[in-house]
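Me: I have a structure open and I'd like to learn how to read its features. Can we go through it together?

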Amino acid sequence: MEVEDAGQFGEALRAHLARVESANADTLEQVADLLLDVVRADGLVYTAGSGHSLALVLETFYRAGGLACVHPLVHPGLLPLHGARASTLLERVEGLATTLLAQVDVGDQDVGVIFSNSGINPFPVELAQGLRDAGAPVVALVSVAHMRAAPQRASAKLGDVATSVIDTLVPPGDAAYPADGTHTAALSSLVSVFCWDLLLARLADRAQAAGVRLPLWTSANVEGGQARNAELFARYRTRVPGLS
């Protein structure tokens with residue numbers, strides 16, 4: 001992003017988000033349709049990421065206003081808080097995704113949503129391949145520019161495996177300020193959360209038009225929230241172990 005100083009950076013961020021929504025307009029509509037199909041089929045949305053992309057997985061799971069039919073596919077070792085250097089090494093280990101997939105029963109009524117800024121490491125790529133092999137379509141939120149520029153570390157890159165790709169338009173390296181020199185202010189988390197919320201908003205419109213009741217969490221800190229959530233816990237906790 002070409003900005004002269006930090007005072008213009010907020011405006012540049014807003015412009016970037018607008019470009020992302022415009023560039024992905026058709027894909028966002030298609031993925032919203034796909035999510036509605038999953039809800040109608042009583043399927044699950046399997047979300048995954050590694051490193052700081054796990055912040056985005058957390059955004060999808062047990063979140064006020066979020067879908068209760070979300071099943072995160074996570075390994076604690078992929079979280080930088082459990083060991084920064086180790087988390088980077090682990091996402092490059094072949095076979096980890098297979099271990100996680102062996103613990104779930106994925107089918108064509110489900111969908112995978114994978115967050116990965118670079119889309120090149122074995123964990124997200126093998127996870128996408130495994131989900132596709134099980135019959136589930138896969139949505140990747142990835143920086144296409146970074147993915148193309150980065151070296152391939154797996155049998156393919158995430159964008160080559162995914163059914164749908166939402167391009168975050170984040171520059172290679174993620175950090176975006178200033179345009180030249182030392183970089184700071186990573187964009188991938190902000191942009192990916194924005195895209196996820198765009199999908200939820202489109203899904204809500206579709207569900208209302210179709211007369212479909214979405215399984216949405218309510219904040220436990222508003223009146224009646226815990227009571228409304230009790231039904232969702234009863235419905236999903238045996239299928240989503242993380243809810244227990």
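Me: Let's start with Phe233. Is Phe233 buried, exposed or partly exposed?

Reply: Buried means under 20% relative accessible area, exposed means over 50%, and partly exposed is in between (1.4 Å probe, protein chains only). Phe233 has a relative accessible area of 22%, so it is partly exposed. Keep in mind that this is a predicted model, where local features need pLDDT of at least 70, side-chain atom pairs count only at pLDDT 80 or more, and totals for chains, interfaces and linings use all residues. Residues are numbered from 1 along each chain as its sequence is written, and side-chain values use heavy atoms, with hydrogens and water left out.

Me: And Trp217, buried or exposed?

Reply: Trp217 is buried, at 4% relative accessibility.

Me: How do I read a pair of rings?

Reply: Rings of Phe, Tyr and Trp (its six-membered ring) pair if their centres lie within 6.5 Å; planes under 30 degrees apart are stacked, over 60 edge-to-face, and the rest tilted. Trp217 and Phe233 make a tilted pair, with 4.9 Å from centre to centre and 55° between the planes. Trp217 sits in the loop between α9 and α10 and Phe233 in helix α10, so their pair ties together parts 16 residues apart in sequence. Helices here are DSSP runs (H or I, at least four residues), as are strands (E, at least two), numbered from the N terminus.

Me: How many aromatic pairs are there by this rule?

Reply: The count is four aromatic pairs. Take Tyr62 and Trp217: their ring centres are 5.0 Å apart and their planes stand at 85°, so this pair is edge-to-face. It joins distant parts of the chain, 155 residues apart, with Tyr62 in the loop between α3 (54-60) and β2 (70-72). Tyr62 is partly exposed, at 43% relative accessible area. Ring pairs link Tyr62, Trp217 and Phe233 into a cluster.

Me: What about helices? At what angle do α2 and α9 pack?

Reply: Axes are lines fitted to C-alpha atoms, for helices over the stretch in contact, and angles run from 0 to 180 degrees between N-to-C directions. Helix α2 (residues 25-40) packs on α9 at about 60°, with the axes 9 Å apart. That makes α2 oblique to α9; under 35 degrees would be roughly parallel, over 145 roughly antiparallel, 65 to 115 roughly perpendicular, and the rest is oblique.

Me: Which residues of α2 make the contact?

Reply: Contact means heavy atoms within 4.5 Å. From α2 come Leu28, Glu29, Val31, Ala32, Asp33, Leu35, Leu36 and Arg40.
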